[in-house]
Structures are given as structure tokens and as C-alpha cells.
Amino acid sequence: MSTRERPLSPHLQVYRWQITMTMSILHRVSGVVLTFGTFALAWWLMAVAAGGEAYRDAAECLASPLGQVALFGFSLALVYHLLNGIRHLLWDAGWGFEIPEFYASGWTVAILTVVLTALVWVAVLGGGA
Amino acid sequence: MSNVSASKERRDLRTPLARARGLGSGKAGTDHFWVQRVTAIALALLVPWLVGLLVSMVGAELGAVREVLARPWNAVLLAGFAVAAFWHAKLGIQVIIEDYVHVRWAEVTLQIINLLACALGALASLYAIGRIALLG
């Protein structure tokens, strides 16, 4: 029996953009960013434990422009993944499965991510909460 | 396609149950899902606390940082965070590898690296926290 080309299910390009698709892929992307961030936290804890030059190097690295950009990226990914993760947990509990609710919760997470990340950095740049 | 599998089934005299046996444990089927959710709940509780703790230490000297991290509840909750975060990360990265890497040897290699790296990260964190908390 010959194997003929099976029709494939339509892929991303045939769909009109919806916030839900962006939220979904960003959850995965932010998860990868946070994995690196968690390793950075472990590295920083090791530097604190080692003290001396190791801690100075780590503190210098985090205070550098590149370090600050990385920290900002981690904080943004953390706030987003936390809020959207709560959205996922509510779905797991059976809540919010109407289409308008998907969009409403998606926009809520998007706006709160910007607001809360900004608040964290106001506290950081204000010299610690 | 269906004809091929039908003819295979005819040659195979085992029952459907016998064919399914050994292909994976039904008992472990929801384990990944469940642990991912439980660690997610733990992290949802711990992350706001951790962010507050880290922000409070911005610009602090080494001695002050150690003093904060060595406080009993800080050390315990931070250790809990490290375990939950690396476990959650391992589960998430595992799924990403399963989804996108379709070359078997590369997939297995990446899965092993993922597991070992996350275990190493968690162990290093716990060691560092223990050392800071107990030795100052």
C-alpha cells in the first residue's frame, strides 16, 4: 500500500492573531528564561557562601549594564510566568473556560505584568523596599 | 494506514492488554502533571516573598546579605524555593525537549543534561544556603 501525503492540520499562519496564542508561547519562553534565572540565583547563592572575591565578582556582574538588563528580563519573566501560571491553575480548577473569559484574563495578566514589574523596579531603584 | 495496522493485529495473537503492558505505567501517568501543579502552587506562594527579600538586599554588603539569608525562616523558605523551582524547571524543560527535539539521540542527551543540571542547581543552592545559615 502506497503512503500518500496526509493532509496536515492548519498551522499558526492561517489563524487571526488572538491574545491567547501570544500568552501561551510567552509562558513557555518565560519559563526558559526563568530556568536560566534560577541557575543565576544558585550561582549568586554560591558566591554569597564563598564570599571574598567570588561575591565581589558576582555583585559587580549583576551591577553591570548587561547584568541589570538580565535582571530586568528575569523580573519581567518571573512576574509574567507567576501571573499566567495562576491563570493556568485556575483553568486546572475548571474556572474561566468561556471564550470572553480567556481574553479578559489574558489582558489582565498582560497589564498586571507591566504594572507589577514596574513597581518592583521602583522599589529596586528607590534603594530597596 | 489502517489496513497495515489491521493486518499486524491479525498476525499478533496477544490481547490488547498484553500488547499495552510494559509500554508505560498507568500509575505514573499523572505524576508529571501533578508535581508540576504542586510545585507551581508552592512557587506562587514563595515568589512574592522571595522578590521582597531580594529587593530588600539591593546594594547591601556581603555581611548584611549573609545575616539576612541566615535567619531561620529565610533559610528554610529559600531552601524550599530552590527545590520547588529546580523541580518545576526540570519538568517544564523536559516537556519543551519532548515537543521540539525529534532526533532520538539528541532528545535523550538533552533530557539527561536537563535532569543533571537541575539536580546540580538544587544541590548547589541547598549547600550554599546551609553554609550561609550554619557557618555565617
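What is the mean pLDDT of chain B, and what share of its residues reach 70 or more? The mean is 90, and 90% of the residues of chain B reach 70 or more. Keep in mind that you are looking at a predicted model. For the complex, the predictor gives an ipTM of 0.89 and a pTM of 0.86. A word of caution for any model of this kind: where pLDDT is low, the predicted coordinates should not be read in detail.

Let's begin with chain A. Its secondary structure comes to 4 helices and 0 strands, and from the N terminus on the elements run α-α-α-α. The radius of gyration of chain A is 20 Å, well over the 14 Å that the globule rule gives for 129 residues, so chain A is more spread out than a compact globule. Along its principal axes, the C-alpha trace of chain A spans about 70 × 40 × 30 Å.

Now look at where the two chains touch. Chain A brings 27 residues to the contact, and chain B brings 30 residues. On the side of chain A, helix 1 (19-50), helix 3 (65-92) and helix 4 (99-125) each supply at least two residues. The largest share, 12 residues, comes from helix 1 of chain A. Sorted by class, this side of chain A has 18 nonpolar, 7 polar and 2 charged residues.

Next, turn to chain B and find helix 3 (residues 31-56) and helix 5 (residues 72-100). These helices pack at an angle of about 135°, with their axes 8 Å apart. That angle makes helix 3 of chain B oblique to helix 5 of chain B, and their crossing is left-handed. Among the residues making the contact are B:Leu43, B:Leu46 and B:Trp49 of helix 3 of chain B, and B:Phe81, B:Ala84 and B:Trp87 of helix 5 of chain B. The residues of this contact divide into 14 nonpolar, 6 polar and no charged.

One more pair in chain B is worth a visit. The axes of helix 4 (residues 62-70) and helix 6 (residues 104-135) of chain B come within 8 Å and cross at roughly 100°. Helix 4 of chain B and helix 6 of chain B are therefore roughly perpendicular to each other. Here B:Arg66, B:Leu69 and B:Ala70 of helix 4 of chain B meet B:Ile129, B:Ile132 and B:Ala133 of helix 6 of chain B. By class, this contact has 5 nonpolar, no polar and 1 charged residues.

Terms used: Residues numbered from 1 in each chain as written. Chains lettered and ligands numbered in written order. Predicted model: local features only at pLDDT ≥ 70, side-chain atom pairs only at ≥ 80, totals over all residues. pLDDT = per-residue confidence, 0-100. Axes fitted to C-alpha atoms, helices over the stretch in contact; angles between N-to-C directions. Parallel < 35°, antiparallel > 145°, perpendicular 65-115°, else oblique. Left-handed = near helix turned anticlockwise from the far one by under 90°. Contact = placed C-beta atoms within 7 Å. Nonpolar A, V, L, I, M, F, W, Y, C, P; charged D, E, K, R; others polar. Rg over C-alpha atoms; globule rule 2.2 N^0.38 Å.
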